[in-house]
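The following paragraphs lead the reader through a protein model, from the meeting of two chains to details within each of them. The sequence and structure should be kept in view throughout.

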Amino acid sequence: MGVFQEMLDLFQNRQNMFWTLLWEHIHMSLLALLCAVFISVPLGIYLSRKKRVAEPVIGAAAVLQTIPSLALLGFMILILNEIGTFPAVVALTAYALLPILRNTYTGISEVDPAVKEAATGMGMSSFRRLRKVELPMAIPVIMAGIRTSMVLIVGTATLAALISAGGLGDFIMTGIDRADNAYILLGAIPAALLALFFDFILRVTEKTSKGKALTPVAAVLGAALLVVALPLFSFNQKPDLVIGGKMGAEPEIIANMYHHLIENETDLNVEVQSGFGSTAAAFNALQVDEIDIYPEFTGTALTALLDQTASPGSTEEEVYERAAKGMAREYNMAYLEPMQFNNTYALAMREKQAQKLGIETISDLGPYTDQLTPGFTFEFANRQDGYLGIQEVYGLTFENVETMDAGLRARALEVGEVDIIDAYFTSADIVEYNMRVLEDDKNLFPPYQGAPLMKQKTLEAHPELERILNQLSGEITNEEMQQMNYMVDYNDADPSIVAREYLTDNGFFD
Amino acid sequence: MITFESITKTFPDGTKAVDDFTAEIKKGELFVLIGPSGCGKTTTLKMINRLIEPSSGSIRIEGADLTRWNLQELRWNIGYVLQQIALFPTMTIEENIAVVPEMRKWSKNQISDRVDELMNMVELDPSVYRRRMPKELSGGQQQRVGVVRALASDPDILIMDEPFSALDPITREQLQKDVKELQSRIQKTIVFVTHDMDEALAIGDRICLMESGRIVQTGTPHELVHHPADDFVRDFIGDRTNEWDTPVKKMMSCKSEHSVNVADLPNSPLYPAPMYIFDSDYHFLGRSREGEIEDHSVTVSPETMLKKAVEYFETSDVDALPVIENGKLIGVLSYKDIVRYMQQFHKESGKESV
């Protein structure tokens with residue numbers, strides 16, 4: 001029962017956020033459902049009168065549904081060149097088309113031919129026959145399709161958090177990232193209840209209409225439309241600058257520091273939009289102007305974005321200089337000065353096991369590649385400054401390699417599911433789980449210092465940003481960063497507040 | 001008046017459903033199209049309200065070619081009764097009947113009065129059945145609604161496509177009588193499709209016998225029975241010239257003074273005797289003797305020939321026999337029924353000799 005108590009406490013502490021995310025979830029789901037209904041029902045009716053084209057069209061909708069929902073969300077970013085609610089709603093709509101389309105088509109096609117003939121023979125026009133006879137008879141089947149789609153949408157909408165569309169999925173992603181079940185439950189349980197609630201409303205609607213009157217159906221449609229249209233009437237002030245950040249405590253804290261600093265010294269209206277699942281997602285969002293600034297690590301900029309290798313033993317300055325030049329040349333982006341802490345990659349093991357096997361450096365792993373199972377993030381497993389480099393520089397190829405989400409590694413190591421993980425140097429996990437960090441004796445990992453990355457044109461539009469953000473240059477030590485990460489990951493502190501406290505305590509607002 | 005002139009219908013697959021069909025249906029007559037299945041009778045019928053278009057030839061109503069009518073107005077003016085009944089399942093009985101009047105933009109009061117009138121006409125109490133759904137009614141009740149739905153806006157023509165074939169024999173006979181009576185009262189032109197010669201003979205003013213899309217013979221029931229055009233007609237009609245070889249179902253009374261529901265037994269008069277008793281499902285229970293139920297073993301089936309039934313009368317001491325089918329009392333055959341039938345039979349035969 002403990003975890004439920006934790007969830008209730010979390011709900012108490014995060015009420016504002018909860019209601020915002022719930023609203024986002026409802027809004028996104030209803031919008032997608034309405035779009036699906038307005039596309040599928042007329043299309044289904046049309047197909048029931050043009051049977052020859054029905055099969056291919058329904059087949060196409062079926063293909064849309066076979067695409068894994070995660071992949072569909074990903075495609076939408078590429079196709080629409082945008083992140084957030086819009087691509088999420090498009091993806092959810094595409095996903096929900098089939099059940100409604102198929103049921104509308106089936107419901108109308110399966111109206112007793114004798115009844116249709118009676119209607120025609122009595123002199124009903126095609127439209128009147130549809131409205132008075134076919135639709136009322138097909139309503140139960142159509143409603144069943146809508147209910148299926150609705151459950152599908154409410155469930156899949158939790159994934160929309162991955163492309164920054166918000167909703168209850170935010171809680172679930174945070175929960176996975178921090179290996180915190182209370183967060184996962186706070187997202188999952190309301191999502192499930194929401195599906196049940198909508199299902200209940202639709203069932204009552206169907207019962208009231210009894211396949212007779214279309215009025216209750218129209219009433220519910222109207223109510224849904226109203227909910228969806230509500231934000232159009234509320235003031236929707238667009239922020240001047242959007243600060244992005246990858247998933248996790250550290251990027252979120254840094255992004256919030258940028259936010260506080262800029263708002264403190266300018267009149268710009270700044271918003272933080274963090275939670276991007278990978279480097280590629282965040283950088284892509286920057287390229288399409290979805291966000292304006294985000295903190296990127298120097299090592300990542302060099303190896304992942306510029307596809308260069310850092311020669312072993314490079315200094316922090318060298319890596320930053322090369323990255324800044326490269327970003328300016330290749331992407332026309334400005335890369336301001338980095339902070340002090342170095343959140344480099346590291347390999348970590350359980351302290352006890354490392355002691356027993358006498359492993360202190362990465363090279364010491366040599367004899368154990370067939371016994372020890374590493375658990376790497378997807379990103380690390382495929383990076384030159386990750387497992388690929390370990391194979392090349394250290395000549396270590398492990399027999400079994402597990403790949404898993406970043407938030408799960410520490411726990412997996414703790415319970416012995418894996419023996420080696422890639423860790424971030426400033427991660428609070430290292431302290432919390434009593435891990436031994438292996439020495440990078442061949443200097444594979446380049447330095448990873450956080451620094452603000454933005455388009456050149458953003459800096460030209462707001463030249464004061466350079467001075468404001470460079471205040472952080474050389475600030476924040478490894479220990480300070482680790483401490484702040486710990487506050488967020490283990491004490492559940494609000495990243496915005498942690499960031500503000502650091503800035504206040506260190507005299508940035510004086 | 002409906003005129004068919006050299007109507008031919010060839011379906012896309014090459015089947016010739018109707019071949020050079022020429023006929024004239026008079027105003028106010030009940031015209032029966034009959035023949036074995038696949039003879040083209042239903043196709044011919046559906047060409048009247050243009051559910052099927054002829055491949056060649058022309059159909060005229062009151063001298064005007066069908067294609068010159070507005071399609072919807074034409075259909076509003078032709079009541080249509082289907083074999084499958086096909087009431088609209090999501091509408092109440094009242095709404096079903098009101099379909100055509102609504103399209104014709106009658107006022108609410110006018111429609112409501114008309115619904116009352118029609119439901120009373122087929123003995124469905126409006127106060128009970130108005131707001132019922134079709135599936136809450138028995139098959140016979142549904143088809144009565146089907147018939148009055150077709151009559152709702154007082155069309156000049158009624159077309160009926162095997163309307164009673166899905167109903168049980170008692171209900172069917174009752175409805176045949178109702179239709180015949182209706183027609184004599186309201187003088188509609190009725191085109192009626194059936195494959196049942198008994199039905200055709202019972203209700204038709206004229207009968208048109210078809211085979212393979214062609215007309216074999218058109219004439220009054222009497223003409224068909226007594227002057228069949230060829231062996232096909234004779235075979236199709238069967239031998240109906242000897243009155244003693246007629247099954248008793250042709251003359252029995254469905255509602256008889258000699259039968260009573262067991263529930264009404266205490267209030268029923270002791271006379272006439274015998275009094276046969278059935279329960280709410282028409283199961284035959286026996287006969288009444290001084291208010292008690294007594295077994296009764298001498299019964300006939302609806303297919304029993306008259307000459308056989310008369311033997312039963314001779315060997316038993318009763319004035320009426322129960323007609324039983326599958327344990328149910330479907331009618332009573334009394335001396336009165338036999339006398340009435342004989343009179344009618346000889347009146348028809350008499351016509352022949354005139």
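Contact here means heavy atoms within 4.5 Å. By that criterion, in this predicted model, chain A contributes 18 residues to the contact and chain B contributes 24 residues.

The size of an interface is often given as the accessible area lost when the parts come together. For chain A and chain B, the buried area is about 1700 Å², and 66% of it lies on carbon and sulfur atoms. Three salt bridges are found between chain A and chain B. One salt bridge links A:Arg128 to B:Glu102, with the closest N and O atoms 3.8 Å apart.

Which elements of chain A give two or more residues to the side that touches chain B? They are helix 6 (113–121) and helix 7 (126–156) of chain A. Of the elements on this side, helix 6 of chain A gives the most, with seven residues. By residue type, the side of chain A that touches chain B comprises nine nonpolar, five polar and four charged residues.

A:Arg436 is located in strand 9 (residues 435–437) of chain A. Is A:Arg436 buried or exposed? Its relative accessibility is 16%, and A:Arg436 therefore counts as buried, the cut-off for buried being under 20%. The side chain of A:Arg436 makes a polar contact of 2.9 Å with the side chain of A:Glu351. The side chain of A:Arg436 also reaches the backbone oxygen of A:Ile359, at 2.9 Å. Leaving aside residues up to four places away in sequence, the residues that A:Arg436 touches include A:Leu347, A:Ala348, A:Met349 and A:Ala354. Among the others are A:Gln355 and A:Glu360.

Strand 1 (residues 2–10) and strand 4 (residues 56–61) of chain B are antiparallel and pair over five bridges. Within this pairing, B:Thr8 has B:Ser56 of strand 4 as its bridge partner. Strand 4 of chain B is also joined, by two bridges and again in the antiparallel sense, to strand 5 (residues 64–65) of chain B. There, B:Ile61 stands opposite B:Ala64 of strand 5. What do strand 4 and strand 5 of chain B form? They form a hairpin with two residues between them, and B:Glu62 in the turn has a positive phi of about 50°.

How values were computed:
Residues numbered from 1 in each chain as written. Chains lettered and ligands numbered in written order. Predicted model: local features only at pLDDT ≥ 70, side-chain atom pairs only at ≥ 80, totals over all residues. Heavy atoms only, no water. Buried area = accessible area lost by both parts, 1.4 Å probe. Salt bridge = Lys/Arg side-chain N within 4 Å of Asp/Glu carboxyl O. Helix = DSSP H or I, 4+ residues; strand = E, 2+ residues; numbered from the N terminus. Nonpolar A, V, L, I, M, F, W, Y, C, P; charged D, E, K, R; others polar. Buried < 20%, exposed > 50% of the residue type's maximum accessible area, 1.4 Å probe, protein only. Polar contact = N/O pair within 3.5 Å; in protein donor to acceptor, adjacent residues only side chain to side chain. Pairing = 2+ DSSP bridges.
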